[in-house]
Amino acid sequence: MHPFWNTVVKIFPTWLAPNLITFCGFLLLVFNFFLMAYFDPDFYASAPDHVHVPNRIWIMVGLLNFMAYTLDGVDGKQARRTNSSTPLGELFDHGLDSWACMYFVVTVYSTFGRGSTGVSVFVLYLLLWVVLFSFILSHWEKYNTGILFLPWGYDISQMTISIVYIVTAIVGVEAWHAPFLFNFLYRDLFTTMILGCAVTVTLPMSVYNFYRAYKSNTLKHHSLYEIILPFLSPVLLFALCTTWIFLSPSDILEVHPRLFYFMVGTAFANISCQLIVCQMSNTRCQPLNWMLLPLAVVVFVVLYGLAPNNETVLLYTLTAVITVAHIHYGVCVVNQLSKHFNIRPFSLKKRSTD
């Protein structure tokens, strides 16, 4: 895609800030998420005997997803083109990518949906974690080796997702219900692709690059505890959320899957952003993210029946708290870096020193 991005970036004026390109691409994914939430709130729209998402919406989502992917690819080229590469740009790019993982995974789920011909909400929950794990693994690698490996599987997945949206508009969601090879369904292909990219590309390359750094004695951390520290908060997040799902009195994931995915993805994004800040500043990764505390409290309250019939309210409240806190954290970090480097996040002009 680099030849295409090299051509696209020439369209942008040289006064356009790379961070603005990054942010616009991210907002397109957010728009797709909420657009699909309107037409397919509970992931049943693609199931037989349900009102399907209009074809024009699939076309729009496909085009916007491709535009978001393109903007994510050209922001760095715009930075180098305008000689405006900064640590803020790197943090802004990867920080938004950590949140974008949830948006594009949950949005593409609507092509298959739930039901007998779709994917269960719990399987999608696990697939979401495969994607999140792949993301954190790459940044764990950089935390320990100083080098970030960006797997080409991401490029293939984004192109495939955009094409799937457009094809869905042409052939209809019913086409994904039929087997394409013996009894192998398209939903199985969807699952296999996500797992395959993680197991055959991301995981082996990260382990290999870590091993190379170990053999050359260039690791930034040497104790086992420091090496695995970035995994502690994500693992606890997974454990708490999965415990909630299994022991939920109201079967919370079945009732509010989209909101639950959003809560998980946002909490994960905050954990990832803090890791990115640590790897950029060469500081020690914090063992625990504070967002795990309110989550643990909610899980405790739900499991011990301290707030019967209020599980949905607790999920909404927790999601709101985590979302506001994550946005606040992002704004504070951007402001601090902007002041430190005397730059404006969405402009190529220097900040006023008055």
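Visitor: Why is glutamate 254 called partly exposed?
Guide: This is a predicted model, and in it glutamate 254 has a relative accessibility of 35%. Buried means under 20% and exposed means over 50%, so a value in between counts as partly exposed.

Visitor: What makes glutamate 254 and arginine 114 a salt bridge?
Guide: Their side chains come to 2.7 Å, N to O. The cut-off is within 4 Å, so the pair qualifies. The two partners sit in distant parts of the chain, 140 residues apart: glutamate 254 is in helix H10, and arginine 114 is in the loop between H4 and H5.

Visitor: And arginine 114, is that one buried or exposed?
Guide: Arginine 114 is at 5% relative accessibility. That's under the 20% limit, so arginine 114 counts as buried.

Visitor: How do you know that lysine 142 forms a salt bridge with glutamate 90?
Guide: Look at their closest N and O atoms, which are 2.3 Å apart. With a limit of 4 Å, the pair therefore passes. Lysine 142 belongs to helix H5 and glutamate 90 to helix H4, so this bridge ties together parts 52 residues apart in sequence.

Visitor: Why does glutamate 226 count as buried?
Guide: Glutamate 226 has 17% relative accessibility, under 20%, so buried is the word. Arginine 284 is at 38%, between 20% and 50%, so partly exposed applies there.

Visitor: What makes leucine 127 buried?
Guide: A relative accessible area of 3%, which is under 20%, so leucine 127 is buried. Leucine 127 lies in helix H5 and touches Phe190, Thr191, Ile194 and Leu195, leaving aside residues up to four places away in sequence.

Visitor: Why is asparagine 209 called buried?
Guide: Asparagine 209 stands at 16%, under the 20% limit, so buried it is. You'll find asparagine 209 in helix H7. With residues up to four places away in sequence left out, asparagine 209 touches Glu141, Thr145 and Phe149.

Notes: Residues are numbered from 1 along each chain as its sequence is written. This is a predicted model: local features need pLDDT of at least 70, side-chain atom pairs count only at pLDDT 80 or more; totals for chains, interfaces and linings use all residues. Side-chain values use heavy atoms; hydrogens and water are left out. Helices (H or I, at least four residues) and strands (E, at least two) are DSSP runs, numbered from the N terminus. Buried means under 20% relative accessible area, exposed over 50%, partly exposed in between (1.4 Å probe, protein chains only). Contact means heavy atoms within 4.5 Å.
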